[in-house]
Amino acid sequence: MIALVRQSRKRKILLIILLALILRFWAVFLLPQDFDEPIYLQNAFDYAKLINKGDINGIIDYQGGREHPALVKLIYGLDVAFLGKNATWANAFYLSRSISAIFGSLATLVVSLMVEPLSGGLLAVHTLAVKYTSQVYLESLPHLLSILAVLTFVRASKLIPDKWFWISALCLGAATAGKFTYTPAIVIVIGYLFIFEKNTLRKWLLPYSLIALISFIGLDITLWHDPFRRLVEAVTFHASYSQGMHVQGVGYPWFQPFIWVFTSFPAEVHPEVFFYFGFDGIISVLGISAIKQEWTERRWLVIWFVAGMFFLLIWPTKWPQYALIVTPALCIMAAGTLHRLINWVRE
C-alpha cells in the first residue's frame, strides 16, 4: 500500500513538472519581448565578450546594470559565450529564456517534493510565475533559491545544524546574489523560524549568517572589488530609482501589488499565451482563506505572505514581477484549503 502511494505521488510530481515545462516553454516562444529583456540580454553579450577574452577584472568591474547583483546576468552571459559563433540576438534571446524557464520549472519541482504535489501544481499554472520565469529577466533563479532557502530551513533539525540548515544559508546568500528584492521577506521568515520554531538553533545564527554572506559575496562577482562601496551604491540606486521619473510617471497606486496578486494580469495582456486564462486570483483567495488555519499549523507561511506583501506595499516601485515574492506562500496555503475542501466533500 505504501509503495502504491509513493508511486502515485511520483506520477503526480512528474505530471506537474511536465506541465510547468510545457507552459513555460510555450511562453518562451510566444511571449513578445518585454521591457527589460533587451537590457539584460545586452548585459549578457557584454559579459560574453569579457568571458571569451578571459578578462576577470573586466567582468568584476563591468558597469552595466550595476544596480542589480551579477549572478543571473552572468549566467546569461555564459549562455551567449557557449553559443560562440551562433550567438545571434535571436539565438541568445531564446536560449536565455529557456534557462529561465528551467529554473522556474525547478521551483515547482522543489515545492512539489518538499511540501506536496498540489502546491507545486498551483505554482506550475500561476500565470505571473509562468510569465516572469520564462523571460530574460532576473526573477527565475532567485525565485527558486528563495523557495529553497525557506523550505530547507523548515526541514532542518531542531537539535543541531544538519545539511538542510547549511543548504538554507547557502540558498539565502545565492538568492540575494540573484536579486535583492527576494531577501527582505525571506530573512523575516527565517528569522521567525530561528526565534520561535527552531529556537534551539539560535546559537548557530552567526555561522548561518556568515555562510549566507559568503555565498552572497562569492556569487555576486561585482562585489569582489570594493564590496562595501558597491553594495551601498546598488542599494541607494534603488532608493533613488523608486522616486525617479520612470516610476512616478507610471503612477501605480500604493495598493497595486494587490492587483498583481488577485488578478491574472499576464492572461489579460497575453491571452494568446495564457490560453487557460489563469487562476491567480482564485489561488490568492484560497490562500487568504487559509490564514487562520495556517496560523496554527504552519505559521511561517503566514509570515512569508504578510512580510512579502508589507514589502510590496511600502516599496514605491511596484512592478508586477515583484509579486513573485509571495506567490509560493499563496500556492502552498491555497493547496491546503483545497485539500480541506476535498476532504469535506468526501465526508
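Of the 347 residues of the protein, 54% count as buried, where buried means under 20% relative accessible area, exposed over 50%, and partly exposed in between (1.4 Å probe, protein chains only). The model is predicted: local features need pLDDT of at least 70, side-chain atom pairs count only at pLDDT 80 or more, and totals for chains, interfaces and linings use all residues. Residues are numbered from 1 along each chain as its sequence is written, and side-chain values use heavy atoms, with hydrogens and water left out.

The protein contains 19 helices and zero strands; helices (H or I, at least four residues) and strands (E, at least two) are DSSP runs, numbered from the N terminus. The radius of gyration is 20 Å, which agrees with the value near 20 Å for a compact globule of 347 residues. That radius is taken over C-alpha atoms, and the globule rule is 2.2 Å times the number of residues to the power 0.38. The C-alpha trace spans about 65 × 50 × 45 Å along its principal axes. Among contacts (heavy atoms within 4.5 Å) between residues at least 6 apart in sequence, 78% join residues at least 24 apart.

Helix H16 covers residues 280-289, and its buried residues are Asp280, Gly281, Ile283, Ser284, Leu286 and Gly287. Their cover includes helices H6 (117-125), H7 (127-132), H14 (256-262), H15 (265-269), H17 (291-297) and H19 (327-346). Within H16, serine 284 counts as buried because its relative accessibility is 0%. Not counting residues up to four places away in sequence, serine 284 touches Val261, Phe262 and Leu330.

Leu330 belongs to the buried residues of H19, which are Thr327, Pro328, Ala329, Leu330, Cys331, Ile332, Met333, Ala334, Ala335, Gly336 and Thr337. H19 has 20 residues and reaches 28 Å from its first C-alpha to its last, close to the 28 Å expected at 1.5 Å a residue; the expected span is 1.5 Å times one less than the number of residues.

Tyrosine 94 lies in helix H5 (residues 89-114). With 32% relative accessibility, tyrosine 94 counts as partly exposed. Leaving aside neighbours within four places in sequence, tyrosine 94 is in contact with Val28 and Phe29. Tyrosine 94 and phenylalanine 29 are 65 residues apart in sequence, and their C-alpha atoms are 7.3 Å apart in space.

The accessible surface of the protein comes to about 16000 Å², of which 71% belongs to carbon and sulfur atoms. Accessible areas come from the Shrake-Rupley method with a 1.4 Å probe, and for residues only the protein chains shown count as cover.
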